[in-house]
Amino acid sequence: MRKNDLVLVPVLWLTIFTISGHATETNPGNSATLSPATEECISCHIAVSPGIVADWEKSRHAQTNPREAKKQTGLESKLSSDKIPEKLLDYAVGCSECHTMNFDKHRDTFDHNGYAVHVVVTPLDCSTCHSIEAKQFSENLMSHAHVNLVRNSLYKDFTESVNGVQTFEDMKISVQPSDSETNADSCLFCHGTAVEVTGSVSKDTDLGEMTFPILTGWPNQGVGRLNPDGSQGSCAACHARHQFSIEMARKPYTCAECHKGPDVPAYKVYGVSKHGNIYSSLNKDWDFKRVPWTLGKDFTSPTCAACHLSLIVDEEGQVVAERSHQMNDRLPWRIFGLIYAHPHPISADLTDIKNKEGLPLPTEFSGQPVKQFLIGTDEQFKRKKTMQKICLACHGSSWVDGHWARFENTIKTTNEMTLTATKILELAWAKGLAKGLAQNDSLFNESIEKKWIEQWLFFANSTRFSSAMCGGDYGVFENGRWSLSKNISDMTNWLEIHMAVTK
Amino acid sequence: MRKNDLVLVPVLWLTIFTISGHATETNPGNSATLSPATEECISCHIAVSPGIVADWEKSRHAQTNPREAKKQTGLESKLSSDKIPEKLLDYAVGCSECHTMNFDKHRDTFDHNGYAVHVVVTPLDCSTCHSIEAKQFSENLMSHAHVNLVRNSLYKDFTESVNGVQTFEDMKISVQPSDSETNADSCLFCHGTAVEVTGSVSKDTDLGEMTFPILTGWPNQGVGRLNPDGSQGSCAACHARHQFSIEMARKPYTCAECHKGPDVPAYKVYGVSKHGNIYSSLNKDWDFKRVPWTLGKDFTSPTCAACHLSLIVDEEGQVVAERSHQMNDRLPWRIFGLIYAHPHPISADLTDIKNKEGLPLPTEFSGQPVKQFLIGTDEQFKRKKTMQKICLACHGSSWVDGHWARFENTIKTTNEMTLTATKILELAWAKGLAKGLAQNDSLFNESIEKKWIEQWLFFANSTRFSSAMCGGDYGVFENGRWSLSKNISDMTNWLEIHMAVTK
Amino acid sequence: MRKNDLVLVPVLWLTIFTISGHATETNPGNSATLSPATEECISCHIAVSPGIVADWEKSRHAQTNPREAKKQTGLESKLSSDKIPEKLLDYAVGCSECHTMNFDKHRDTFDHNGYAVHVVVTPLDCSTCHSIEAKQFSENLMSHAHVNLVRNSLYKDFTESVNGVQTFEDMKISVQPSDSETNADSCLFCHGTAVEVTGSVSKDTDLGEMTFPILTGWPNQGVGRLNPDGSQGSCAACHARHQFSIEMARKPYTCAECHKGPDVPAYKVYGVSKHGNIYSSLNKDWDFKRVPWTLGKDFTSPTCAACHLSLIVDEEGQVVAERSHQMNDRLPWRIFGLIYAHPHPISADLTDIKNKEGLPLPTEFSGQPVKQFLIGTDEQFKRKKTMQKICLACHGSSWVDGHWARFENTIKTTNEMTLTATKILELAWAKGLAKGLAQNDSLFNESIEKKWIEQWLFFANSTRFSSAMCGGDYGVFENGRWSLSKNISDMTNWLEIHMAVTK
């Protein structure tokens, strides 16, 4: 992996020499030996980016090595790859191990003091030791969050209507094409940018002049990021660098990064649920680091991870839920982001989906699911049972059945309330009060259309999340049924006024 | 309580035999002996619902028994009932103790492996040991939250306008009657459902076929739940099963379950108050389990419970506030949920309240309190003094007086801003732009009416909460005075346009 | 400082005598000796306001004295004043030390059992020991938050339009002048009130009749409070009485008190950022009390204080950022509160600022900065570099550059989106659909004007905070770009309807 020792500038050797004693000490109290390359990284970066180094020192990666880690087997295993390269086995997982991994596949690889370093660590890199998780994640809708957004003509148009600067002249609004900085800061912040190498740049640094690649869409840690090695996603979206603490991934704040807004208020709903209350009140006494995670003992109420992701066992060691980085294998319904809730798509890549009307949507405009792209009732039933097994570990069957009956009723009623809004919108189009599908115009750029969007994207979503996770007011006054019904009144009122005025 | 040992199926005996050693061990390090019945419950449920069992093991209920608990007397007492049945005294408070209690009064009692078990544990059950708290709670408005909502014709109509699915046809919206699943998931989630037994059902379980009651409105933990034993409320609303930790009840997340939305943003206001800041920053060092609760020592800033509920003493052991599950004995004013803030109602049962206009409201439509149903100024003064005694434990009298002067001024000005909105609405009705009281039409189903609702239900409420609890922006830009004044402009604008159009 | 021992009433001597033994004990385990005056305060206040006393006992002020504290020097120093009065050196910093300090300058000084006590402790008082911090804070915009608001004719009018009670008569809204209680409870809650002495009042207390000053604008802890000693600000805004814990000031909840609403959602943005996630998940393991604060060791992600205020060092002891109570020396841009984002003002006192149109604004109505009042590009560059040095302690230069490029692009695009809204408003004024600048009417009191206000005060602000601090959805659907673009549609729609109706 070391490409060219000779280019290493003398001043650096000096630096390394001076503080190399220190480099070893950066791992105090840890049994793991650092690879020579990582020692060299740290010798400079302890001064250049001290925060990263200190943070990493607190990680499990710094404190063990793959050979040691492989001794934990079965449910306790932290590594899922059968074959980990021999040369990695006896060293801590340090800077060099990840940032030079797969260097030949990384278009962002550059020569850095003689090392073939890349900036962007990817799921492909992580899969060296965590192959099953990487594989599962590739089947998770999230890993396709970039392409599913930008390659969908309808959603691409939606993002333009939100991100493009608008100007006003002669009573008309014009929407400028969105710029890449805004897109990266807006939708793609969570969905992930496309990180590409467009050239290189020379910079003066504390250690002399150095050359770095110029990257588009950087920085970014979105779940569906397109990486310079061709892979999709970012493990750091949930496993924050450089501690990569399982404690963080299991706490709800991680999910809140992208799942708190009005379009997907999962974290807020969780916060006011009984589960969230127990978490907030008592989690100081829980053990967030144990693998597997024992319910009732390590934790007494589920976090997001517990229901959607984690390997959970009971005190007898019986598996309640297998670990899943695919996540949707516990989810029969897709309840947000689209016009209508519907059964989960079969494939995580949604770019081929098209309804009868030719729109890239998994339902018709009137709500019927486009069945060939969506899981069937058998698969839905199976996923529901997988999730319910977790519920049943703490709740009786009548409790669980009652809860799910309400949730599925809410899917039905919120879809109906969206359909009503759609009919009002269609009448506005038909009357010429706005321009839509028939006029081949954007669905997202007029006042009445934006009210319609809020019906499904905010209010129906919020109501469904509240119903799914027992969020009380998020199904009523906080963007819930109150807003669904008020919006119908407001849309109808809009229609009445505009019809009266244009008479 | 054991009805019929003989129906116990052999397979269960086997199970019990196999893991009965374990059953005893489920209480490790705890002095309390389990009753034979509870041992039997656990012998199966350790496998069937391991989370509940493990959670309960962490509870005080599992770790002591009433005889031991009664040794703590005076302010330290955890039990308020004089007479606790002899048979309960020497056992931990386990599954059987609560779930077979008052079995003859519970319409949800069913035969479960020979035991007369009921699903829904109620305030009546809890009153066996905690009679004073149950009594106080019965005088708390919350315990009547179900009946006060559904038996009020005006509020019933309001809930229909929110929960009913709406359809749009020929320019008209029709509101369908709300369905029971939606109601349970919406308003009644917090207000409480009516839990009734409608039959029984046989289910295949891991332990063979079993029969369970079919319950309406289940699951539910709303504060005003109508229970199958005739009692009202749910202690689990605040004392989460099955740890029943006083720590939780004293932390603000419990109150947030129902008091965070725009209609009652108490938790959000608290969060940005100085009190909330101190809590969030320093509560890790507080003792949430001590009874009584010593201010300045166990905690250095009040939580919701401290001001509204808890038994508080100072370091000298002097009582600053008596424990109160009635809560409104510390509250002179009722500041949310109704059109105008007003003195607290005398009775917790509000079903008889009627104003001069015949509406089931504690104020006239123009704001005057309907005095015969509300506490007088003497009682208001007494309650204010009770609350202020808590304030004065940390603040000087000029601080406290200044604070209350502002709060009571806010009650006045927010009522005035609501009256202004009411006048605009009445003009809209008078002009025939909407249909209201005079037309015997719903007050809650038209666009202008919904704006009026937000004036009092969201904006006036938020402003008052902010004023009561020092919430800064919740009295200004976050649904506060900004919204109160903007809404007046918007309502007037609505009126102007509609009058112009219909000319 | 003791003015008149002889007026001390006998009953008090008795009290003091009885519990004076206790007074010494109120400082258990602390080495610091109490001054005789503070002992006397506590002798009564231990009973009169036990919460304050107990809270103070937990403070560093109670546990050390200035002479001891001065032994910590260099980066570890907690005191910045060279000359601390000799008489203070050997006593704990107790009641008397602060509440009688500068008694001759305090118009709120009153005779309290023979002591010249004042109620309102001010930055002038704190500067006795913390002079550098007080000086820096005087150059912080926040310390001028009161005067900058109430002495700006435009913003004064804005506050009136929000705080004044509105009445509706003959299709017209009238705004009453705002009352002082409302102002204190609204804008001035955070900006600070003017605390003035208007007389004195005699009160019956547990210790007999006593006389106290009557204060306007009390209580208040706003950052820009006008104090009765002529100073500006309140240290207690961030350093909560009476523990004055640095832990609190370093945690984000302190900033949230004033920076959470839609006008300045810094706390909410932080909460969903990666930084906020790491904080929420892992801060239980951090050390919030160490001075200086070592990044990567004491904390592994910045809080508000870390980036904006704190003295930060790396593990080698190198200073990453100097302590700053001025704060804006790390801020090149002012991104909220005004119509357009712009370079920071030169002076913290903004009362002289005037644009070409004669409006008290730092930009023209079309967005151009009024350069003579604002820092130049050199100073902006310097401040940016100061902030970036903190970023670079954990992030590479391409990361940091990429982040800042996006942030500055967002400043540009949000200003453009505000300009578009301004043009729509100006057309409404020109068409006579609303009355504004040309008509010498308020800019803040009509429906279309309030929509315009939300464009910059809520949506542009939120988008910029999100961009500055990586807040994901706060730049998109949660008051971000979605709202910026929807508002343009709504404003244009408003214009169309009103033009059609008035044709």
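This is a predicted model: local features need pLDDT of at least 70, side-chain atom pairs count only at pLDDT 80 or more; totals for chains, interfaces and linings use all residues.
Residues are numbered from 1 along each chain as its sequence is written, and chains are lettered from A in the order in which they are written. Local features need pLDDT of at least 70, side-chain atom pairs count only at pLDDT 80 or more, totals for chains, interfaces and linings use all residues, and side-chain values use heavy atoms, with hydrogens and water left out.

Let's begin with symmetry. Two copies of a chain are related by a rotation about an axis and a shift along it.

Now for where chain B meets chain C. With contact taken as heavy atoms within 4.5 Å, 61 residues of chain B touch 66 residues of chain C. The buried area is about 5,600 Å², with carbon and sulfur atoms giving 59% of it; that is accessible area (1.4 Å probe) lost on putting the two parts together, summed over both. On the chain B side, W399(B), R406(B) and W482(B) lose the most area to chain C, together 14% of what that side buries.

There are 6 salt bridges between chain B and chain C, each a side-chain nitrogen of Lys or Arg within 4 Å of a carboxyl oxygen of Asp or Glu. One of them joins R481(B) to D185(C), with the closest N and O atoms 2.9 Å apart. Helices α16 (274–282), α19 (397–430) and α21 (481–501) of chain B each put at least two residues into the side that touches chain C, and α19(B) gives the most, with 17 residues. Helices here are DSSP runs (H or I, at least four residues), numbered from the N terminus.

Finally, look inside chain C. Helix α2 (residues 36–48) and helix α3 (residues 50–57) of chain C pack at about 115°, their axes 5 Å apart; axes are lines fitted to C-alpha atoms over the stretch in contact, and angles run from 0 to 180 degrees between N-to-C directions. I42(C), H45(C), I46(C), A47(C) and V48(C) in α2(C) meet P50(C), V53(C), W56(C) and E57(C) in α3(C).
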